[in-house]
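Dear colleague,

Please find the structure below, handed over for your reference. My findings follow directly after it.

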Amino acid sequence: MSADGVIPFGFESLPVRGALIHLTRAWRRMLRDHDYDALVTETLGHAAAATALIAQSLKFDGAVTLQLLGKGALQMLVMQCTDSMHLRGMATTKPGESAASFRELTTGAHCAVTVDAGDRPYQGIVAIEGDSLATSLEHYFARSVQVPSHVALVASADFAGGLLLQTVPGQPIDEDDWQRLQFIARTLSDRDFAGEAGVGLIGRLFAEDDVRVHAVRPVSFRCRCSSRRAGEVLRMLGEADVRDAVAEQGRIEVPCEYCGRLRRFDAVDIERLFSDNVVAGPDSVH
């Protein structure tokens, strides 16, 4: 498998389905316009791999969003993946504050997974438990989705990867087999993603099992920002404050927190923005 893809697979003799993800180019593009420390980078990478793994496991039209809000060094983390496997994400931290562990980083945090597939989005709350996002997500699958799951996540500044194993609903599995698969999942490490991580890695991990591998689903970084959405941000700030800022500075720059793109608004743009008879243009595509 080339990087930036998810490989779904299943076991011939066990009621278990799985998926392996490996991100490089998309992951590095997500980091390009940000300066996160190593722990925040790792946590964001875990979130990227996990959100894409969740999205590929669903049959839906829409997007999965993983959002983490905290009171410690990590104030907010948002990761989103569409049904087309378009991924974007960002994190904000408290200035001047750092953490030495995931537990410390997520002090006072809560996490939510939202599946938006139309009129009635579904949201499940994820308790931040243990020393990793993977542990918290295993509890989420067991309690909110009621699907026993094993989750393994790895990340660095160069790649993000992970493994998701889930039992097939309604089909019992021998506890010894399930514990064996859990042990295998926990052996996943950064070394497994140092090069190509695909069918060969699945074969090495599950050498004792007959595994059927399905087609790779490509994953790409794609931001959904647009001039219209940037304009909506300015509307929320209020017409008076926006006009005062333009009068003082000559223009306003609105950065996208996901991709770093700057959208500039001058006095003419602001006049159009706050004119009642102007119809907003379509969202731009990136």
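Gln 146 sits in the loop that connects α4 (133–145) with β8 (149–155). Please bear in mind that this is a predicted model. The phi angle of Gln 146 is positive, about 60 degrees, although the residue is not a glycine. Most residues other than glycine have a negative phi. With a relative accessibility of 63%, above the 50% cut-off, Gln 146 counts as exposed.

Met 85 also has a positive phi, of about 65 degrees, and is likewise not a glycine. Its place is the loop between β4 (74–82) and β5 (86–93). Is Met 85 buried or exposed? Its relative accessibility is 1%, so Met 85 counts as buried.

Turning to the chain as a whole, the protein has nine helices and 14 strands. Its radius of gyration is 21 Å, close to the 19 Å that the globule rule gives for 286 residues, and the chain is therefore as compact as a globular protein of that length. The C-alpha trace spans about 70 × 40 × 35 Å along its principal axes. Of the 286 residues, 49% are buried. Among contacts with a separation of 6 or more, 62% are between residues 24 or more positions apart.

The largest nonpolar core has 59 residues, and the members that touch the most others are Leu 23, Trp 27, Leu 44, Leu 77, Met 79, Leu 87 and Val 113. Helix α2 (residues 38–56) contributes the largest share of this core, with 11 residues. A second, separate core consists of 23 residues, including Phe 9, Val 154, Leu 163 and Phe 193.

Which residues does Trp 27 contact, leaving aside its neighbours within four places in sequence? Among them are Asp 4, Thr 41, Leu 44, Gly 45 and Ala 48, together with Ser 156, Ala 157, Asp 158, Phe 159 and Ala 160.

Finally, His 46 lies in helix α2. Its relative accessibility is 11%, which is under the 20% cut-off, so His 46 counts as buried. Not counting residues up to four places away in sequence, His 46 touches Leu 133, Leu 153, Val 154 and Ala 155. Val 154 is also one of the residues of the second core.

With kind regards

Terms used. Residues are numbered from 1 along each chain as its sequence is written. This is a predicted model: local features need pLDDT of at least 70, side-chain atom pairs count only at pLDDT 80 or more; totals for chains, interfaces and linings use all residues. Side-chain values use heavy atoms; hydrogens and water are left out. A nonpolar core is a set of buried Ala, Val, Leu, Ile, Met, Phe, Trp, Tyr and Cys residues joined through side-chain atoms within 4.5 Å. Buried means under 20% relative accessible area, exposed over 50%, partly exposed in between (1.4 Å probe, protein chains only). Helices (H or I, at least four residues) and strands (E, at least two) are DSSP runs, numbered from the N terminus. Contact means heavy atoms within 4.5 Å. The radius of gyration is taken over C-alpha atoms; the globule rule is 2.2 Å times the number of residues to the power 0.38.
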